[in-house]
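Hi everyone, thanks for coming.

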Amino acid sequence: MMRTALVTGAASGLGALAAQRLAAAAWDVVAVDVDAAGLARTALRSPNMHARTCDVTDPGAVADVLAMSGPVQRVVHAAMISPAAPALEQPFDEIENTLRTDVLGTVHVVRATLPGMLERGRGEMIICPDAPEADTAAGAAASAAVAAYTESLWAEHGGRGVTFRCARAAAGTPPRLVLDAIDRSLARPAGDPHVPMDAAGGLVSRLARRTPAGTSAPR
């Protein structure tokens with residue numbers, strides 16, 4: 001049976017590589033981004049990849065993509081932005097757009113896909129917040145919020161057949177190393193949703209652990 005994956009931020013970077021890897025592994029890939037030209041490059045010579053222009057800040061647009069794709073078994077959410085600017089100088093509209101894209105975009109993607117996964121009792125929700133860098137105060141705030149949101153999802157629903165991962169690598173980590181670490185983490189049970197990175201791709205310090213509903217805390 002064909003497996004379907006939704007990959008956001010698929011026009012470049014980690015999202016593009018994730019979409020290409022999944023397509024090469026015979027997944028039916030729904031690749032979304034606001035950059036239509038970038039999506040076309042990602043989907044080139046991949047007949048099982050379906051490019052859809054979609055702004056994740058628009059919940060209606062996300063719902064429309066899912067209505068066309070049908071149920072998805074894996075989500076790789078990489079549609080994040082992190083514009084550089086000093087905290088006290090960054091224009092407010094840029095801060096607002098970063099939080100809307102990264103935080104609310106994550107919420108919209110999760111709400112469009114997670115209920116179906118929970119109903120079917122299986123699925124993989126992989127969320128990839130941008131790592132904070134110098135002069136990216138809004139991006140750092142959004143990254144921490146997305147990581148905390150992923151932990152809350154895991155704490156509430158982690159015992160119901162859906163695998164949650166938060167891949168928040170150190171700034172500058174090559175996308176292939178992040179994806180390699182995600183693949184390794186999916187092959188073993190996790191004590192928390194954070195993806196451990198090796199020495200070549202440091203892990204941004206994790207938040208306080210929480211325990212999924214219906215499970216006991218790891219010791």
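Let me start with a question: what share of the contacts in the protein chain with a separation of 6 or more comes from residues 24 or more positions apart? It's 65%, where a contact means heavy atoms within 4.5 Å.

Some housekeeping. This is a predicted model, in which local features need pLDDT of at least 70 and side-chain atom pairs count only at pLDDT 80 or more, while totals for chains, interfaces and linings use all residues. Residues are numbered from 1 along each chain as its sequence is written, and side-chain values use heavy atoms, with hydrogens and water left out.

Okay, the overall layout. The protein chain has 6 helices and 6 strands; helices are DSSP runs of H or I with at least four residues, strands are runs of E with at least two, and both are numbered from the N terminus. Along the sequence you read β-α-β-α-β-α-β-α-β-α-β-α. Of its 219 residues, 47% count as buried, meaning under 20% relative accessible area, with exposed being over 50% and partly exposed in between, using a 1.4 Å probe and protein chains only.

Now the sheet. It's an open one of 6 strands, ordered β3-β2-β1-β4-β5-β6, with parallel pairing. Strands β3 and β6 sit at the edges, each pairing on one side only. From one strand to the next, the twist averages 15°. Pairing here requires that DSSP finds at least two bridges between two strands. Take β1 and β4: they run parallel and are joined by 4 bridges, and Val 7 has Val 76 in β4 as its bridge partner. Helix α4, residues 92–120, packs on the sheet and touches β1, β4, β5 and β6, and its direction makes about 170° with that of β5. Angles run from 0 to 180 degrees between N-to-C directions, and axes are lines fitted to C-alpha atoms, for helices over the stretch in contact.

Helix α4 has a helix partner too. The axes of α3 and α4 come within 9 Å and cross at roughly 35°. Which residues meet there? From α3 we have Pro 59, Val 62 and Leu 66, and from α4 they meet His 108, Val 109, Ala 112 and Thr 113.

Next, α1. Its 12 residues, 13–24, should span 16 Å at 1.5 Å a residue, and the end C-alpha atoms are 17 Å apart, so that agrees. The expected span is 1.5 Å times one less than the number of residues. Among the buried residues of α1 are Leu 14, Gly 15 and Leu 22. The buried residues of α1 pack against β1, β2, α2, β3, β4 and α6.

Most residues other than glycine have a negative phi. Ala 26, though, has a positive phi near 75°, and you'll find it in the loop between α1 and β2. Ala 26 counts as partly exposed because its relative accessibility is 49%. Arg 45 isn't a glycine either, and has a positive phi of about 60°. Arg 45 lies in the loop between α2 and β3 and is exposed, with a relative accessible area of 74%.

Last stop: His 157, in helix α5. Is it buried or exposed? His 157 counts as buried, because its relative accessibility is 15%. Leaving aside neighbours within four places in sequence, His 157 is in contact with Leu 114, Leu 118 and Phe 164.
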